[in-house]
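Subject: Structure handover

Hello,

Here is the structure for your files. Please open it next to this email and follow along.

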Amino acid sequence: MSRPGFLLSAWPLRSAAYLLTGVVTGAATLVGLVAVAMVCGALAIVLVGLPLLVVVALSGIPVAWVERRRLRLIDRNPVSGRHQVPAAPGLWAWLTTRLREQATWRELGYALLFAGVLWPVDALVVTVALLIPLSLVATPLLMATVGDGREAKVLKQWTVTTWPTAFGVAVLGLLLMGLGAYVLGATAGARAGLVRLLIASGEGELGAKVVELARSRARLVDAFEAERRRIERDLHDGAQQRLVALTMALGLARLDAPSGPLADQLTKAHEEAGKALAELRELIHGIYPKVLTDYGLQAAVADAADRCVVPVDVDLELPGRPTQAVESAAYFVVCEALANITKHSGAHRAQVSGGHGGGRLFLEVRDDGCGGADPSAGSGLIGLADRVSVLDGRLALTSPPGGPTLLRVEFPCELTKSADRCA
């Protein structure tokens with residue numbers, strides 16, 4: 001409504017249509033509620049108690065359904081109801097679910113308010129802001145048709161006998177129509193806000209959806225980690241064992257073969273099998289290291305530090321073990337950080353420290369390198385941040401040019417004893 005082109009847009013017409021349909025719908029709702037009351041009164045002789053309560057309580061549901069769809073006239077954002085999906089199919093499950101919901105009673109209250117108060121207000125606003133200005137604008141037409149060019153009644157109260165006066169009244173009507181357009185828009189907006197407040201999905205339902213989304217995300221993370229461990233076990237117990245057997249067979253065949261071209265080919269095959277076995281072991285370790293599964297994060301970080309080219313000091317004390325998802329994410333954050341130190345920092349020494357406090361697991365990776373780490377340079381930091389954020393963690397990086405570099409990561413979690421976790 002604050003835009004300059006509001007009067008020339010379709011919104012005044014949409015607002016008028018919304019209020020006009022509100023008058024019709026409200027009158028129909030009043031008639032329907034009166035009919036329901038009469039039927040219930042007639043049935044009260046035979047049926048007492050719950051059947052009448054069910055009929056009255058459910059009468060607001062169709063009214064709310066119509067109101068939410070009528071809201072599309074002036075609100076481009078779709079709205080949904082507050083009702084839950086019944087836990088089981090069938091009429092009885094639907095009835096019990098609806099009668100236990102707060103939304104059903106809110107819709108009943110809205111239907112009573114709509115039938116008793118809102119639609120008369122809509123009718124009053126439409127009359128004052130639309131119909132009266134239109135009747136003023138039509139004064140010259142009435143004078144030319146009904147009054148035979150001699151006179152015309154303005155709102156059935158004043159008589160206009162001259163054409164200049166008739167056109168003056170028409171101009172006044174146009175001015176009032178412009179003002180009425182804003183009145184219609186404001187009233188329609190207020191009505192739409194009331195509908196959204198009473199019978200549209202609100203913040204509570206949105207909060208429930210957010211909670212469910214967080215839970216589904218946690219389930220996906222757990223499923224992903226379980227799949228990683230399954231792949232690691234399959235490779236370790238299947239493909240790796242076959243490669244070991246193949247390497248041993250080629251080694252024995254090379255020892256038994258006489259010197260010559262065949263022995264040379266067996267030697268090359270044995271070396272290639274050994275390289276493939278080494279690569280497979282490195283791949284298995286990268287997917288999910290066995291030391292992490294068996295001994296926990298502290299031992300896995302120490303193992304990663306031992307394998308790092310840059311000397312790494314480890315100061316990590318944990319009285320228990322975090323959840324598997326947090327443990328895995330923390331380990332791979334450390335591994336990626338150490339890999340970045342080896343490739344990009346030019347550091348002579350690094351340090352990994354951490355602990356648990358205040359319900360949070362925190363890890364810090366420092367190095368004395370050249371600094372200047374840039375997440376947009378393809379160093380894997382964006383991937384680390386995404387992995388941490390999935391578990392509601394936080395990642396902070398301090399890396400001024402010239403160093404040193406500090407990477408800190410925190411995860412909200414509680415620690416458990418190994419035995420409790422295995423159980």
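How much accessible surface does the chain have, and what share of it belongs to carbon and sulfur atoms? The accessible surface comes to about 24,000 Å², and 65% of it belongs to carbon and sulfur atoms. Accessible areas come from the Shrake-Rupley method with a 1.4 Å probe; for residues, only the protein chains shown count as cover.

Some ground rules. This is a predicted model, in which local features need pLDDT of at least 70, side-chain atom pairs count only at pLDDT 80 or more, and totals for chains, interfaces and linings use all residues. Residues are numbered from 1 along each chain as its sequence is written, and side-chain values use heavy atoms, with hydrogens and water left out.

**Overall**

The chain has 14 helices and seven strands. Helices (H or I, at least four residues) and strands (E, at least two) are DSSP runs, numbered from the N terminus. Of the 423 residues, 36% count as buried. Buried means under 20% relative accessible area, exposed over 50%, and partly exposed in between (1.4 Å probe, protein chains only). Take the contacts between residues at least 6 apart in sequence: 70% of them join residues at least 24 apart. Contact means heavy atoms within 4.5 Å.

Five strands form an open sheet in the order 3-4-5-7-6, with mixed pairing. Strand 3 (312-316) and strand 6 (394-398) are at the edges with a single partner strand each, so one side of each has no neighbour in the sheet. On average, neighbouring strands are turned by 10° against each other, direction ignored. Two strands pair if DSSP finds at least two bridges between them.

- Strands 3 and 4 pair in the parallel sense over five bridges. Val-314 stands opposite Val-352 in strand 4.
- Strand 4 (residues 350-357) and strand 5 (residues 360-367) pair in the antiparallel sense over eight bridges. Ala-350 stands opposite Asp-367. Their hairpin has two residues between the strands, and Gly-358 takes a positive phi near 60° there.
- Strand 5 and strand 7 (residues 405-412) run antiparallel, joined by eight bridges. Arg-360 has Pro-412 in strand 7 as its bridge partner.

Helix 11 (residues 297-307) lies across strands 3, 4 and 5, at about 170° to strand 3. Axes are lines fitted to C-alpha atoms, for helices over the stretch in contact, and angles run from 0 to 180 degrees between N-to-C directions. Helix 13 (residues 381-390) also packs on the sheet, where it touches strands 6 and 7.

**Helix pairs**

The axes of helix 12 (residues 324-345) and helix 13 come within 10 Å and cross at roughly 170°. That makes the two roughly antiparallel. Angles under 35 degrees count as roughly parallel, over 145 as roughly antiparallel, 65 to 115 as roughly perpendicular and the rest as oblique. Phe-332 and Val-333 of helix 12 are among the contact residues, as are Leu-381 and Leu-384 of helix 13.

Helix 3 (residues 60-70) and helix 5 (residues 102-137) pack at about 75°, with axes 8 Å apart. They are therefore roughly perpendicular. The residues that meet include Ile-61 and Val-63 in helix 3 and Leu-108 and Phe-114 in helix 5.

**One more residue**

Val-36 is in helix 1 (residues 11-43). Its relative accessible area is 24%, which means partly exposed. Its C-alpha atom is separated by 7.9 Å from that of Val-55, 19 residues apart along the chain.

Best wishes
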